[in-house]
Amino acid sequence: MANNSNNEGIDYTENKDDDENDVEVGTKWESLYIRIARMRLEEANTKRFLKAIPAKLPYNECKEWAKRQNMWQSKEDWDAWIDLGESLSAYIPSDPESYFTRQGTWVSWEDFLGFEE
């Protein structure tokens, strides 16, 4: 039998379809990987955002702010003012005792409001 150098009689369309299917499947997998990576990044960002503690002023600066306001004589005065719906600066905690206790810097309400015990 003679060698057919021009490959007559061979049907390459089946191989082309397989290659196109492989490319299509490969594209689908790549798209899936991208979507998974995007979802992981979004989840990590959400976790980081939810764990982030709003920035507050340090204890001494909050204490100075409270002293300058000269509006409170006790914890009860502070709580009543907060209960009235008065809004603080975003940098001042509405419950300074619990916030600064967690920070390890809380001394007392008298110290915070500028009165000696």
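Residues 24 or more positions apart account for 58% of those contacts in the protein chain that have a separation of 6 or more, a contact being a pair of heavy atoms within 4.5 Å. The structure is a predicted model, in which local features need pLDDT of at least 70 and side-chain atom pairs count only at pLDDT 80 or more, while totals for chains, interfaces and linings use all residues. Residues are numbered from 1 along each chain as its sequence is written, and side-chain values use heavy atoms, with hydrogens and water left out.

## Overall architecture

The protein chain contains five helices and zero strands, in the order α-α-α-α-α along the sequence. Helices (H or I, at least four residues) and strands (E, at least two) are DSSP runs, numbered from the N terminus. Of the 117 residues, 17% count as buried; the term buried denotes under 20% relative accessible area, exposed over 50%, and partly exposed the range in between (1.4 Å probe, protein chains only). The accessible surface of the protein chain is about 9,700 Å², and 51% of that surface belongs to carbon and sulfur atoms. Accessible areas come from the Shrake-Rupley method with a 1.4 Å probe, and for residues only the protein chains shown count as cover.

In soluble globular proteins, nonpolar side chains tend to be buried together. Here the largest nonpolar core comprises 15 residues, and those with the most contacts inside it are Trp 65, Ala 66, Trp 72, Trp 78, Phe 100, Phe 112 and Leu 113. Helices α2 (59-69), α3 (75-83), α4 (96-103) and α5 (109-113) each supply at least two residues of this core, and α2 gives the most, with four residues. A nonpolar core is defined as a set of buried Ala, Val, Leu, Ile, Met, Phe, Trp, Tyr and Cys residues joined through side-chain atoms within 4.5 Å. Leaving aside residues up to four places away in sequence, Trp 65 touches Trp 72, Trp 78, Leu 88 and Ile 92.

In α2, the buried residues are Tyr 59, Cys 62, Lys 63, Trp 65 and Ala 66. Seen down the axis of α2, they fall within an arc of 160° and so line one face of the helix; the arc is that of the directions from the helix axis to the C-beta atoms. Asn 60 and Arg 68 are exposed on the other side of α2. The cover over the buried residues of α2 includes α3, α4 and α5.

Asn 70 follows α2 and has a positive phi, near 50°, in a residue other than glycine. Asn 70 is placed in the loop between α2 and α3 and counts as exposed, at 58% relative accessibility.

In α4, Pro 96, Tyr 99 and Phe 100 are the buried residues. They cover an arc of only 85° around the axis, which puts them on the same side of α4. These buried residues pack against α2, α3 and α5. Just after α4, Gly 104 takes a positive phi of about 85°.

## Salt bridges

The structure holds four salt bridges, a salt bridge being a side-chain nitrogen of Lys or Arg within 4 Å of a carboxyl oxygen of Asp or Glu. Three of them are listed below.

| Pair | N to O distance | Location |
|---|---|---|
| Asp 111 and Lys 63 | 3.4 Å | α5 and α2 |
| Lys 67 and Glu 64 | 3.8 Å | α2 |
| Asp 79 and Lys 75 | 2.7 Å | α3 |

The salt bridge between Asp 111 and Lys 63 links helix α5 to helix α2, so the pair ties together parts that are 48 residues apart in sequence. Both Asp 111 and Lys 63 are buried.

Lys 67 and Glu 64 are three residues apart in α2, about one turn of the helix. Lys 67 is partly exposed at 33% relative accessibility, and Glu 64 is partly exposed with a relative accessible area of 37%. Asp 79 and Lys 75, four residues apart in α3, are separated by about one helical turn. Asp 79 is partly exposed at 27% relative accessibility, as is Lys 75 with a relative accessible area of 29%.

## Nonpolar surface patch

Trp 29, Tyr 33 and Ile 36 make a nonpolar surface patch of about 350 Å². Patches are made of residues with over 30% relative accessible area and no salt bridge, with like charges joined within 9 Å and nonpolar side chains (Val, Leu, Ile, Met, Phe, Trp, Tyr) within 5 Å. Trp 29 lies in helix α1 (residues 13-51) and counts as partly exposed, at 48% relative accessibility.
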